[in-house]
Protein chains: 2
Amino acid sequence: MSKPSIPKGTRDFTPAEMAKRNYIFDTIRSVYALYGFKQIETPAMETLQTLLGKYGEEGDKLLFRVLNSGDYLTKVSDEQLAERNSLALSSKICEKGLRYDLTVPFARFVVMHRDEIQLPFKRYQIQTVWRADRPQKGRYREFYQCDADIVGSDSLLNEVELVQIMDTVFQRLGIRVQIKINNRKLLSGIAEIVGEAEKIVDITVAIDKLDKIGLDKVNEELRTDGISEEAIAKLQPVITLSGSNEEKLKVMEDFLASSEVGMKGIEELRFILNAASQVDLKNELQLDLTLARGLNYYTGAIFEVKALDTPMGSITGGGRYDNLTGIFGMPGISGVGISFGADRIYDVLNTLDLYPKEITTDTQLLFINFGEKETCYCLPVVAKARQNGIRTEMFPDAAKMKKQMAYANANAIPYVALAGDDEIQKGVVTLKNMETGEQEQVTPEQLIEIVKG
Amino acid sequence: MSKPSIPKGTRDFTPAEMAKRNYIFDTIRSVYALYGFKQIETPAMETLQTLLGKYGEEGDKLLFRVLNSGDYLTKVSDEQLAERNSLALSSKICEKGLRYDLTVPFARFVVMHRDEIQLPFKRYQIQTVWRADRPQKGRYREFYQCDADIVGSDSLLNEVELVQIMDTVFQRLGIRVQIKINNRKLLSGIAEIVGEAEKIVDITVAIDKLDKIGLDKVNEELRTDGISEEAIAKLQPVITLSGSNEEKLKVMEDFLASSEVGMKGIEELRFILNAASQVDLKNELQLDLTLARGLNYYTGAIFEVKALDTPMGSITGGGRYDNLTGIFGMPGISGVGISFGADRIYDVLNTLDLYPKEITTDTQLLFINFGEKETCYCLPVVAKARQNGIRTEMFPDAAKMKKQMAYANANAIPYVALAGDDEIQKGVVTLKNMETGEQEQVTPEQLIEIVKG
């Protein structure tokens, strides 16, 4: 018999880890609900027809495919088998795959339930996704996503709400963050102005390095990327852009004056920043021109959140996209959404030691088991403690005292109760505070009062 | 573009369904915690080595297998391909499968984490499982299981706790139930006494029909099943067994007097029933000799729960098993567990209309959007309502009043707030109670007070 193992890139979660993860999920969930988002769940498996072609060629390769049940080879000819083409064969023997993200299943959901839902539709979804990525530190093949999207509304108030949600969640979690915002239309405008539409990603990557390598080296890198001298000259005010959001917007307004799409981006950003300034954000919302995430996907505002007190990649992101449901035959629906990165938030909270003590749902009170007579005496007291909401255990076996106390210690149970002949006669139990070591005889009512604290 | 669909036997859950399902899961979760059980989660995918051979030949066929990533055919020879043996090939091209239940992953967890956990280990787990069953009404290919198990303790107090948990969960859900209990050792004893060890399932099935078909027909069925006349004669007191649990135990004690295993079963049942009588159960705990679930699996007490007020199969079940972790090389660990059938409980609550009204996390207050100026005025009031815990939405678009009110109605939002020139001037909003139709001008503070109720 070989040692059991789990598939690489997957994880078991112990009770201690679960308590911390539930704290994160519950916080996000309650904030989503506070903003009127409604929860849905979709199946772990989707048809490959739904999944394929939605995540690029690389994404298709990273899908986990589920083998058809029964005699899955009946539909495959001898010739097809002999070809030994893994990719071609997989589309014959697999019709289903595991969810790769929550966005495509959501688009599919909206189209399939179009007659039941009311637009604008605000949904949130907290479920696992699976990707056959090469596992590495902090990257898993199974992980949770925590998404919220609004579809069916072009209003920029939705963007404002999502900023408020990010602000509120991290405020509640006690993580100081910077919320970065940009707009895809601004980037399109820049590309238009400098005449380098194809190079917009290279440009933003180079600009992003200004603080680290200085202006000369940024320009050098732009040259290496094949950007023309004329374009680089034009780009100087964008590269050295600094100051407050309003100062940045002013510079960009001049820069983009002749670009219609660019000016639309300015207008959108100004609306969002202005509205956000009226709702008392606790974290900084900063316009960051180098933010460029998922260029092919997003069409308007884009967001990213960075933790301030520990180095870590983006812990939340999102943006505005057009025509999400078009791929499933329901065109003209715009949407905007965000996704919290639960695994990275988990690491940040661990690193900064920010988990509140009271998130545990661990046992509060353990009754020692001395044998059948004592147990019989304790059972109604145990039941009463539970009726009063105290998470209570009775040690199931009449094991040695040392073993039972070791169990209490290992599970960090703060109170231990016991009853022998003396206690039974008096109708009390002895209650021991495991932290202070103090113990006293108390009535069942007193016990409940003390443990509830 | 074809219409999108989801794999057969799987489901989307809408917000209304999610609220009900979360109510069930939260109820079960909180009772498990109250009894000191700790939550774990395991990966959706397990290695096929972990899964295969654990659920019988039929179970192996019902496993969903996940195709290996990359060029999965490299390990397959031309000869193996040419054989066209689906089952044999699948073990070459798939190393992983989807979780089929929560018990085997739990056993694997205990063995892999043996150095981290303290025995007895009380764990609960609420996760989806997947089975390639033929989909039919009420049977799905993806469904939740809600399991609690204690491993590493032979004490019958564990059985008593599980009975209390079942009792408490259904009491909290408002479902009147009968908790049935039997003991595998009793059934072994009966088989031993009547000399028909192989026929114990047929015997219990026939006995179970007494109420419906009468004694003569039960005996006839036993004859058809090939039970000897001598055995049938011996079985008469068992078939006509009735009365209180104690009366049944007395009859069975006489019947099983010469069977060591049978008498052990009586002793175990008596302990559990006696202890249970001291903890004030709200539902009836009934000894039912015809209860025989999963004979090969269980070794001691077995449980099943039936709803009293609506016809429905077993909605919860469980029992004592030995040597759960033996299959993974860690012998000698006994366990006992139960599993709540969330899908059936969902149906029972629907049929009996037992969902409390307050389980919704729907929006409580909608602000009407009249345009930018009015929105600007409302935004801080919206923020304030949310700070006070009111689930609040601002309609994102300045759409026609009719459309916005339709949104409020479709989402059953109880309060709608609006502000025009008059309200802005006075520093108030107009609050409309959607149920009564009444509306009045109120200050932001009054609004919060009224909506919070």
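# Talking through the two-chain model

Modeller: Pro120(B) sits in the loop between α6 (103-112) and β5 (121-130) of chain B. Helices (H or I, at least four residues) and strands (E, at least two) are DSSP runs, numbered from the N terminus. This is a predicted model, where local features need pLDDT of at least 70 and side-chain atom pairs count only at pLDDT 80 or more, while totals for chains, interfaces and linings use all residues. Residues are numbered from 1 along each chain as written, chains are lettered from A and ligands numbered from 1 in written order, and side-chain values use heavy atoms, with hydrogens and water left out.

Colleague: Which kind of peptide bond joins Leu119(B) and Pro120(B)?

Modeller: A cis one, with omega about -5°. Leu119(A) and Pro120(A) are also joined by a cis bond, with omega about -5°. For background, most peptide bonds are trans.

Colleague: What makes Arg108(A) and Asp12(B) a salt bridge?

Modeller: The term asks for a side-chain nitrogen of Lys or Arg within 4 Å of a carboxyl oxygen of Asp or Glu. Here the N to O distance is 2.6 Å, so the pair qualifies. The count between chain B and chain A is 8 salt bridges. On the side of chain B that touches chain A, helix α15 (residues 372-387) gives the most, with 7 residues.

Colleague: How many residues does each chain bring to the contact?

Modeller: Chain B brings 109 and chain A brings 108, where contact means heavy atoms within 4.5 Å.

Colleague: Why is the pair of Phe170(B) and Phe340(B) called tilted?

Modeller: Rings of Phe, Tyr and Trp (its six-membered ring) pair if their centres lie within 6.5 Å; planes under 30 degrees apart are stacked, over 60 edge-to-face, and the rest tilted. These centres are 5.6 Å apart and the planes stand at 50°, so the pair is tilted. Phe170(B) is in helix α7 (residues 157-173) and Phe340(B) in strand β11 (residues 335-340), so the pair ties together parts 170 residues apart in sequence.

Colleague: Why does Arg84(A) count as partly exposed?

Modeller: Buried means under 20% relative accessible area, exposed over 50%, and partly exposed in between (1.4 Å probe, protein chains only). Arg84(A) has 27%, so partly exposed is the label. Its phi is near 55°, a positive value in a residue other than glycine.
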